[in-house]
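Trainee: I would like to learn how to read a few features in a model of this kind. Can we go through them one at a time?

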Amino acid sequence: MIVVAGEALIDLVPQGAGALASLRPALGGGPYNTAVALGRLGSSTAFCSRTSNDAFGEALLGGLREAGVDVSGVQRGPEPTTLAVATIDASGSAAYSFYVDGTADRLFAAPDRLPADTRAVSFGTCSLVLEPGASAYEDLMRASAAQGVFTALDPNIRAGLIPDADAYRARFKNWLPSVSLLKLSEEDARWLGGSPHEWLASGPSAVVITRGGDGLSVFTRDGSEHSVPGEKVEVVDTIGAGDTVNAALLHGLSVQNALSERALAGLGADGWTRLLRFAARAAAITCSRAGAEPPYATEIGDV
């Protein structure tokens with residue numbers, strides 16, 4: 001079981017040009033997209049979050065169930081669902097404005113325990129910013145790591161939600177001793193400061209950096225670096241592409257029985273190259289269609 005912990009929200013995606021273009025609601029949120037992608041790829045997946053009892057909340061749970069994701073551990077509440085209004089530029093890249101005050105996912109409480117067969121837990125995005133839920137997710141991350149569970153972190157920076165950038169950067173550094181695999185975009189890396197080698201020295205066994213259409217690179221604790229180019233595709237938008245990479249990495253590691261720090265260290269150049277290429281293929285498919293629509297296993301092939 002791979003557990004994905006974090007927010008589920010509704011993306012409002014413009015259907016044309018200009019500030020007043022019609023908006024189409026779409027199921028989203030970085031962790032939510034990651035869970036759906038994992039389910040579609042065939043990994044045994046559970047979602048750990050808190051969602052609203054409103055119609056959007058019901059739709060979000062329905063999307064998870066349709067992907068085969070276990071939602072039995074999802075907390076519910078009467079508060080509204082978080083909204084994210086997307087803006088798509090000429091290259092297909094998305095930026096977001098968030099409506100988060102008083103929403104359900106902010107009131108997440110850390111569970112007493114995760115499913116007994118949990119092999120990995122993934123964290124990231126808004127859920128690690130918005131209190132009081134952020135502290136609860138942080139507690140779950142530290143507790144999981146202390147129990148020897150493989151932990152993955154995709155910070156997926158949304159700078160507009162972070163009131164104190166320096167405080168967040170310090171908090172990020174304090175998470176690293178509890179992280180097995182750190183995945184982030186080039187933009188996230190620039191915003192956070194530091195380097196893969198500095199982050200590796202603080203805890204993770206591997207750091208994966210995505211570079212959009214230019215591909216992906218992994219840096220490992222033994223000093224190795226492996227890179228693959230991006231897959232060529234006509235981009236509709238990039239919504240969910242990074243989340244798909246995150247899911248593909250976790251799924252691929254699970255398939256290779258490498259969801260442990262020791263196994264991660266032994267992947268070698270061939271194992272990492274195959275894994276990165278698999279993630280690049282998955283992300284390209286997501287970019288080729290509107291919204292966060294990650295691929296199914298039948299569309300992408302084996303790791």
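Trainee: Which side chain of opposite charge is nearest to D105, and how far away is it?

Mentor: Keep in mind that this is a predicted model. The nearest side chain of opposite charge is that of R106, at 6.5 Å. A salt bridge needs the side-chain nitrogen within 4 Å of a carboxyl oxygen. D105 has no salt bridge, although D105 is buried.

Trainee: Where does D105 sit, and what is the length of the polar contact between D105 and T82?

Mentor: D105 lies in the loop between strand 8 and strand 9. Its side chain makes a polar contact of 2.7 Å with the side chain of T82. Setting aside neighbours within four places in sequence, D105 touches E7, A8, R50 and T82.

Trainee: Which way do the residues of strand 1 point?

Mentor: The general idea is that side chains in a regular strand alternate between the two faces of the sheet. In strand 1 (residues 2-5), I2 and V4 point one way, while V3 and A5 point the other way. All of these residues are buried.

Trainee: Which strands pair with strand 1, and in what sense?

Mentor: Strand 1 runs parallel to strand 4 (residues 45-48), with four bridges between them. Strand 9 (residues 120-124) is also parallel to strand 1, joined by three bridges.

Trainee: What is the strand order in the open sheet of four strands, and which strands stand at the edges?

Mentor: The order is 3-2-7-8, and the pairing is mixed. Strand 3 (23-28) and strand 8 are at the edges; each has a single partner strand, so one side of each lacks a neighbour in the sheet. On average, neighbouring strands here are turned by 30° against each other, direction ignored. Within this sheet, strand 2 (residues 9-14) and strand 7 (residues 83-88) run parallel and share three bridges.

Trainee: Where is Y96, and what is its relative accessible area?

Mentor: Y96 is in strand 8 (residues 94-99). The relative accessible area of Y96 is 21%, so this residue is partly exposed; buried would mean under 20%. Beyond four places in sequence, Y96 touches D11, A84, V85, A86, R158 and I239.

Terms used
Residues are numbered from 1 along each chain as its sequence is written. This is a predicted model: local features need pLDDT of at least 70, side-chain atom pairs count only at pLDDT 80 or more; totals for chains, interfaces and linings use all residues. Side-chain values use heavy atoms; hydrogens and water are left out. Helices (H or I, at least four residues) and strands (E, at least two) are DSSP runs, numbered from the N terminus. Buried means under 20% relative accessible area, exposed over 50%, partly exposed in between (1.4 Å probe, protein chains only). Contact means heavy atoms within 4.5 Å. Two strands pair if DSSP finds at least two bridges between them. Axes are lines fitted to C-alpha atoms, for helices over the stretch in contact, and angles run from 0 to 180 degrees between N-to-C directions. Lys and Arg count as positive and Asp and Glu as negative; His and the chain ends are not counted. A polar contact is a pair of N or O atoms within 3.5 Å; within protein, one must be able to donate a hydrogen and the other to accept it, and residues adjacent in sequence count only if both atoms are side-chain atoms.
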